[in-house]
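Student: I have a new structure to read. Please show me how to go through it, one feature at a time.

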Amino acid sequence: MPLDSLYRAHGFVPLDAPTDAERLAVIDLDAVEHNVRRIKTLIGQRSLIAVVKADAYGHGALEVAHSAVAAGADYLGVVHVKEAHALRSGGIAAPIIAWLHTPRTNFAQALEDQLELGVSSTWELEAIAAAHRASGQKEPVRIHLKVDTGLGRNGVTMAELPALAAAARRLEEAGLLEVVGVFSHLAVADEPERTETAEQSSTFDRALEILHSAGLRPTLRHLANTPATFSAASVGAEEGLLRDAVRVGLGLYGLSPLTGSTPEELGLRPVMHLQTFINTVKEVPAGQGVSYGLNYVTDKPTTLALVPVGYADGVPRVATGGPVRIYPATGPARTYREVGRIAMDQLVVDLGEPGLADPAAGFLGAPAVLFGSGDNPPVTDWAEAAGTINYEIVTRISPRVTRISVGGSWKDKN
Ligand SMILES: *Cc1c(COP(=O)(O)O)cnc(C)c1O
């Protein structure tokens, strides 16, 4: 049976599946497409900017981008011009916006790739204008001005916005660029009860007025990230957050940014599944210390199972008690807890009773899933175990883990 069907049938990749990957991040592209359609339903006629920065939060930017576009994403969003270039090189023709630059950013390449550029300061405008002049290109560069409405990070301050707007307008009149968009990023949208989001939204309105006075007419106004998109849609009251377009990252990957809402409750399907196979199963007495520091000591005779992934694979070393679902060859699957310190290459699970090292128990070589969809542990449990957010857990899964995609309607057509 092909790997796709095996994965779908079992909720894990069996040992005899047609792959030699020992540590796998299975990426469910059908789930990406489902999530994109779900988000499109929430936003109606507005545009979806599918955020695939950071290798699509660790999921593989090119395949996710193809899936997002196939399912109706209008734009792709990345941070670096280099990330956008990789998408163009991989055959992505959809509009792409990139918004974080340094004095070394290759704007000439950005123009060649027909990118739309987020701009937060005058030096960026000047560098883009210079690249345009040098290119001899006729069409103006499409610009989205980024305003800091309260996040205190990237984006022009309200105080400096009039000067930036005037500079942009001059370059627009000179035919070098066109301000097609304006955007801002929210600071606390994942805490819908906080009032700062509404304040940022009204500051955004003031920014729009400033741009208007400067003679600029951006038609794509975008403010909302995943939490704002979902809370605006469910609460209804904050519809104003959705504007002309939303920039959604986490939701594409089927994860919930809202404490208290599971992906399923938001109508999303988790995309990444992290799996390996049990490499050692051993009987130990009471009093056995486990892993560096011997921080965990068994309190009774038990069986330990060794899971061959660690912090070099992106499993956070600071995590304690992260879940691992084991699918023994015989007997039912169960979710166990990781014990002791997570090492570079391995972590240990206490199976909770003696006698399981017997090969008849089926643990040696058994599929072990750290997180995934369905009955597998949610990414959020690892985030809690590590004192971080689900965004970081998936994004930091390292290149040592083989990405294997399943599904993807666009693949059939090629
Ligand atoms: C990463 C990012 C997003 C996406 O945020 P999610 O919470 O993952 O939806 C949107 N806008 C900007 C500016 C970002 O940097």
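Student: How do the residues of the shell around the ligand divide by type?
Tutor: Ala, Val, Leu, Ile, Met, Phe, Trp, Tyr, Cys and Pro count as nonpolar; Asp, Glu, Lys and Arg as charged; the others, Gly among them, as polar. Here the shell has seven nonpolar, four polar and three charged residues. This is a predicted model: local features need pLDDT of at least 70, side-chain atom pairs count only at pLDDT 80 or more, and totals for chains, interfaces and linings use all residues. Residues are numbered from 1 along each chain as its sequence is written, and side-chain values use heavy atoms, without hydrogens and water.

Student: Which residues come nearest to the ligand?
Tutor: A residue is near a molecule if one of its heavy atoms lies within 4 Å of it. Of the 14 residues around this ligand, K53, Y57, T226, R247 and Y391 come nearest.

Student: How far is an oxygen atom of the ligand from a polar side-chain atom of T226?
Tutor: A polar contact is a pair of N or O atoms within 3.5 Å. For T226 the distance is 2.5 Å. For the side chain of Y391 it is 2.6 Å, and for that of K53 it is 2.7 Å. The protein covers 95% of the 390 Å² of accessible area that the ligand has on its own (Shrake-Rupley method, 1.4 Å probe).

Student: How many aromatic pairs does the structure hold?
Tutor: Rings of Phe, Tyr and Trp (its six-membered ring) pair if their centres lie within 6.5 Å; planes under 30 degrees apart are stacked, over 60 edge-to-face, the rest tilted. This structure holds five pairs. One of them, F12 with Y327, is tilted, at 4.2 Å centre to centre and 35° between the planes. Its partners sit 315 residues apart in the chain. Y57 and Y253 also form a tilted pair, at 4.8 Å and 35°. Y57 is in helix α3 and Y253 in the loop between β9 and β10 (272–277). Together, Y57, Y253 and Y391 form one aromatic cluster.

Student: Is strand β2 mostly covered or exposed?
Tutor: Buried means under 20% relative accessible area, exposed over 50%, partly exposed in between (1.4 Å probe, protein chains only). β2 (residues 47–51) is mostly covered, with five of its five residues buried.

Student: In which sense do β2 and β9 pair?
Tutor: Two strands pair if DSSP finds at least two bridges between them. β2 and β9 pair in the parallel sense over four bridges. A50 has V248 as its bridge partner in β9.

Terms used. A polar contact is a pair of N or O atoms within 3.5 Å; within protein, one must be able to donate a hydrogen and the other to accept it, and residues adjacent in sequence count only if both atoms are side-chain atoms. Helices (H or I, at least four residues) and strands (E, at least two) are DSSP runs, numbered from the N terminus.
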